[in-house]
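Please go through the notes below with the model open beside you.

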Amino acid sequence: MSAVTYIAGKEPHPREHRMIFRNVDRKGWDVSIEAYSKDGGYAQLEAALKMEPKAITDEVKKAGVRGRGGAGFPAGVKWTFIPPNNTKPVYLICNADESEPGTFKDRYIIHQDPHQLIEGMAIACYAVGAHLAYIYIREEFPEGAKILEKAIAEAREKGFLGKDIGGSGFDLEIYVHRGAGAYICGEETGLIESLEGKRPYPRIKPPYFPAAMGLYLCPTIVNNVETLCHVKHILQMGGEEYAKLGTPNNTGTRILCVSGDVQKPGYFEVEVGKVTLGEVIHDLCGGLKPGRKIQAVIPGGSSAKVLRGGETFKIKRGEDMVEIGLEDIPMDFDTLAACGSMAGSGGVMVIDDSRSISWVLNNLNTFYAHESCGQCTPCREGSLWMKKITDRLVAGKASPDDIDTLDSVARNIDGRTVCAFGEACSWPTESFVAKFRDELVADTKPELADAIVNAETEVAAANLR
Ligand SMILES: Cc1cc2nc3c(=O)[nH]c(=O)nc-3n(C[C@H](O)[C@H](O)[C@H](O)COP(=O)(O)O)c2cc1C
Ligand code: SF4
């Protein structure tokens with residue numbers, strides 16, 4: 001691979017470690033297969049096709065790369081879940097739905113380096129024995145879908161897709177499938193239902209773990225765009241070398257998408273756990289707006305539990321328990337989980353002290369109420385109920401009791417639904433109430449308590465009549 005120079009003014013921040021985003025904003029770069037091939041493109045696929053498929057999975061396992069779509073599950077381990085005595089076709093699906101609010105990395109990868117994804121997918125397909133793969137991309141990314149279709153056609157023409165790739169005897173076709181733009185189509189089993197042409201009602205797990213019973217009830221590996229791009233780099237470096245990037249159990253690089261109240265929002269590819277939240281805000285993003293303080297941070301996409309400015313956390317470091325502040329949190333999967341939130345999809349949302357907490361929570365609740373697929377009652381009814389309460393809160397028409405009701409509704413969704421949307425929609429409310437109760441209560445009107453109870457009783461009575 002040749003040395004990279006970037007377009008003036010678009011150079012990566014010195015703290016970045018660009019691997020997946022290596023070619024983003026690169027001088028003289030375009031999305032053609034010629035540009036990609038000149039830079040050693042598809043060499044890893046050619047090398048992979050000379051390896052035993054299991055040896056590739058072993059490298060991905062050694063690398064320890066964890067899924068970048070949200071759950072952070074190790075990719076190599078997931079690949080081994082295909083039943084060993086399987087006789088059905090195996091499918092691979094690239095999840096390009098990118099539906100989690102605050103996340104905007106997959107679209108950039110697709111727009112600026114589509115062949116990296118196709119090469120990663122082809123290697124992954126060879127490793128898991130898939131001859132048919134899909135890229136499920138949301139409707140709102142029409143340009144991305146066109147770029148991918150062109151790239152697939154180019155790869156096919158050059159013999160990197162199709163029959164007998166590189167004389168290896170391995171056949172593979174990749175198709176782009178455009179969704180209709182629904183958050184739930186990012187959930188892997190909802191996605192699979194949608195791909196089968198049905199309404200995207202998520203399937204219950206167990207038994208419908210995609211690796212065992214996925215597309216057309218055949219073994220299916222679903223991975224995020226960014227996860228699949230890592231596969232090519234793992235093969236190039238070797239799993240052990242790759243695992244030296246990042247921190248133990250949190251290996252490699254990951255793209256953080258930072259939005260909200262910072263001077264320079266944007267995407268930053270960093271080694272996992274090698275930068276703290278404070279460094280992300282003050283160093284990578286140029287700090288807060290003048291005179292402002294951090295009020296809250298949602299560190300891993302809208303479903304991640306909120307962290308409060310000035311909060312401290314007790315975490316394990318080696319054998320010791322240590323106390324760290326919000327800004328000292330290393331941005332890795334394990335530490336964010338230990339701090340009660342999650343690294344999720346890498347979408348970091350910074351909320352300064354100019355924002356109304358009630359407004360922020362209402363914004364989140366409005367999204368989730370709109371996106372619930374409606375299959376299970378706690379989520380369908382609860383997400384709308386939470387929105388109605390925070391609608392009242394921002395309109396100055398909520399009573400203090402509403403905050404307890406809000407919390408109770410959230411806690412009756414969490415853990416009682418078919419899919420993890422239940423947690424995704426209840427965790428924001430649970431954590432905002434836990435950490436910002438005073439701010440929420442301050443927006444209520446004690447004198448409304450009786451009026452609201454009476455109004456609700458009247459509605460309930462009318463419904464019974
Ligand atoms: C409500 C919901 C929405 C999701 N949206 C996405 C998404 O847009 N993109 C994505 O890659 N994963 C999304 N996921 C996670 C997927 O279900 C799945 O875990 C992921 O695609 C697996 O890829 P990975 O292991 O490479 O992360 C979502 C999960 C839930 C519960
Ligand atoms: S939890 Fe919500 S989104 Fe998931 S299946 Fe149930 S109703 Fe649908």
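1. α14 (377-394) and α16 each give two or more residues to the shell around ligand 2. Helices here are DSSP runs of H or I with at least four residues, strands are runs of E with at least two, and both are numbered from the N terminus. The shell has 14 residues, and Cys373, Cys379, Thr417, Cys419 and Phe421 come nearest. A residue is near a molecule or strand if its C-beta atom, placed from the backbone, lies within 6 Å of it. By class, eight residues of the ligand 2 shell are nonpolar, five are polar and one is charged. Nonpolar covers Ala, Val, Leu, Ile, Met, Phe, Trp, Tyr, Cys and Pro; charged covers Asp, Glu, Lys and Arg; the others, Gly among them, are polar.

2. A word on provenance. This is a predicted model: local features need pLDDT of at least 70, side-chain atom pairs count only at pLDDT 80 or more, and totals for chains, interfaces and linings use all residues. Residues are numbered from 1 along each chain as its sequence is written, while chains are lettered from A and ligands numbered from 1 in the order in which they are written.

3. Now ligand 1. Its shell holds 25 residues, with Gly67, Gly69, Gly186, Asn224 and Thr227 coming nearest. β4 (220-224) and α16 (421-442) each supply at least two of the shell residues. The largest share, three residues, comes from β4. The shell divides into 10 nonpolar, nine polar and six charged residues.

4. The domain bounds come from an automatic or database domain assignment.

5. The division of the chain also includes domain 2 (253-352). The centres of domain 2 and domain 3, taken over C-alpha atoms, are 26 Å apart. Six residues of domain 2 and 10 residues of domain 3 form the contact. Contact requires C-beta atoms, placed from the backbone, within 7 Å. On the domain 2 side, the residues touching domain 3 are two nonpolar, two polar and two charged.

6. Check the packing of α6 (residues 114-128) on α9 (residues 225-237). The two helix axes come within 7 Å and cross at roughly 75°. Axes are lines fitted to C-alpha atoms, for helices over the stretch in contact, and angles run from 0 to 180 degrees between N-to-C directions. α6 and α9 are therefore roughly perpendicular to each other, a term for angles of 65 to 115 degrees (under 35 is roughly parallel, over 145 roughly antiparallel, the rest oblique). The α6 side includes Leu117, Met121 and Ile123, and the α9 side includes Val225, Leu228 and Leu235. The residues of this contact are nine nonpolar, two polar and two charged.

7. The loop between α8 (188-195) and β4 deserves a look. Pro206 lies in this loop, and the peptide bond from Lys205 to Pro206 is cis, with omega near -10°. Pro207 is in the loop between α8 and β4. Pro206 and Pro207 are joined by a cis peptide bond with omega about 10°. Leu217 is placed in the loop between α8 and β4 too. Phi of Leu217 is positive, near 60°, and Leu217 is a residue other than glycine.

8. Last, the whole chain. The chain has 17 helices and 13 strands. Its radius of gyration is 23 Å, close to the 23 Å from the globule rule for 465 residues, so the chain is as compact as a globular protein of that length. The radius is taken over C-alpha atoms, and the rule is 2.2 Å times the number of residues to the power 0.38. Along the principal axes, the C-alpha atoms fill a box of roughly 80 × 55 × 45 Å.

Note on methods:
Two residues are in contact if their C-beta atoms, placed from the backbone, lie within 7 Å.
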